[in-house]
Amino acid sequence: LLITVAMLLCSVVANAYDFEVNGIYYNIISTSDLTVEVTNGDNKYSGAVIIPETIAYKSKVLKVTSIGHGAFSDCKGLTSIEFPNSVASIGDYAFDECTGLTNIGIPNSVTSIGHGAFSDCTGLTSITIPNSVTSIGDYAFSACTGLTSITIPNSVTSIGEGAFRGCSGLTSITVETGNTKYDSRDNCN
């Protein structure tokens, strides 16, 4: 009985997505709004990944609006990612431990970067945070040892604890004038 339960749990974890199109896994967020999020699936993402703004599935056109929790987590072979302008949020741990990722441009549609979203991305050397982002989660860029500088736009009103903790290569954090609340408990060493 225990073996059967374990096998069932493993199959649920292995298929924790709604569908796959062209090597990208998706979960349906809203059937009425026809929106989906990118998620993880049976295979790890690698190389250059381009996420489309819309996808066709079961005679419907669905809009990609977010990068889900852990979607690309531990995809060490991921070298670059291109987001569509329809993405509004990057979920918690979305790119955690993507050590092969060297730079990333976040589109102007993104308003929030989740907890640990880019933590342990040791190969990340540069990142562009657009003026649309209003919040950066706890430990969002922690242990990004290759990151040397970052500019935080004045649209950001909240930066979580430890957002840049362990970023040993970080020599410059520029926070543009605005209402940004930066947690002083953060440690950049």
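K44 is exposed, with a relative accessible area of 51%; buried means under 20% relative accessible area, exposed over 50%, and partly exposed in between, using a 1.4 Å probe and protein chains only. K44 also belongs to a network of salt bridges, together with D74, K76 and E97. Keep in mind that this is a predicted model, where local features need pLDDT of at least 70, side-chain atom pairs count only at pLDDT 80 or more, and totals for chains, interfaces and linings use all residues. Residues are numbered from 1 along each chain as its sequence is written, and side-chain values use heavy atoms, with hydrogens and water left out.

**The salt-bridge network**

- A salt bridge here is a side-chain nitrogen of Lys or Arg within 4 Å of a carboxyl oxygen of Asp or Glu. Searching the whole structure turns up three of them.
- K44 pairs with D74, and their closest N and O atoms are 3.6 Å apart. This pair ties together distant parts of the chain: K44 sits in the loop between β3 and β4 (47–50), D74 in the loop between β6 and β7, and they are 30 residues apart.
- With 32% relative accessibility, D74 counts as partly exposed.
- K76 in turn forms a salt bridge with E97, at 3.3 Å from N to O. That pair links distant parts of the chain too, with K76 in the loop between β6 and β7 and E97 in the loop between β8 and β9, 21 residues apart.
- K76 is partly exposed at a relative accessible area of 43%, and E97 is partly exposed at 31%.

**The nonpolar core**

- Next, look inside: the largest nonpolar core has 51 residues, and the ones with the most contacts inside it are I67, F72, F95, F118, I136 and F141. Such a core is a set of buried Ala, Val, Leu, Ile, Met, Phe, Trp, Tyr and Cys residues joined through side-chain atoms within 4.5 Å.
- Elements giving two or more residues to this core include β1 (19–21), β2 (24–30), β3 (35–39) and β6 (60–67).
- Not counting residues up to four places away in sequence, I67 touches V38, I51, F72, F83, V87, S89, I90, G91, A94 and F95. A contact means heavy atoms within 4.5 Å.

- C98 is in the loop between β8 (89–90) and β9 (103–105), and it is buried, with a relative accessible area of 0%.
- Beyond its neighbours within four places in sequence, C98 is in contact with F72, C75, L78, D120 and C121.
- C98 and G123 are 25 residues apart in sequence, yet their C-alpha atoms are 8.0 Å apart in space.
- N27 belongs to strand β2 and counts as buried at 15% relative accessibility. Leaving aside neighbours within four places in sequence, N27 is in contact with A16, Y17, D18, V36, E37 and T39.

**Two tyrosines with a positive phi**

- Y93 has a positive phi of about 55° although it is not a glycine. Y93 lies in the loop between β8 and β9 and is partly exposed, with a relative accessible area of 37%.
- Y139 has a positive phi as well, near 55°, and is a residue other than glycine. You'll find Y139 in the loop between β12 (135–136) and β13, and at 30% relative accessibility it counts as partly exposed.

**How confident is the prediction?**

- The protein chain averages a pLDDT of 88, and 85% of the residues score at least 70. pLDDT is the predictor's confidence in each residue, from 0 to 100.
- Over residues 8–14 the pLDDT is below 50, and this stretch has two contacts in the model beyond near neighbours in sequence.
- Residues 183–187 also stay under 50, and the model has twelve contacts for them beyond four places in sequence.

Methods:
Helices (H or I, at least four residues) and strands (E, at least two) are DSSP runs, numbered from the N terminus.
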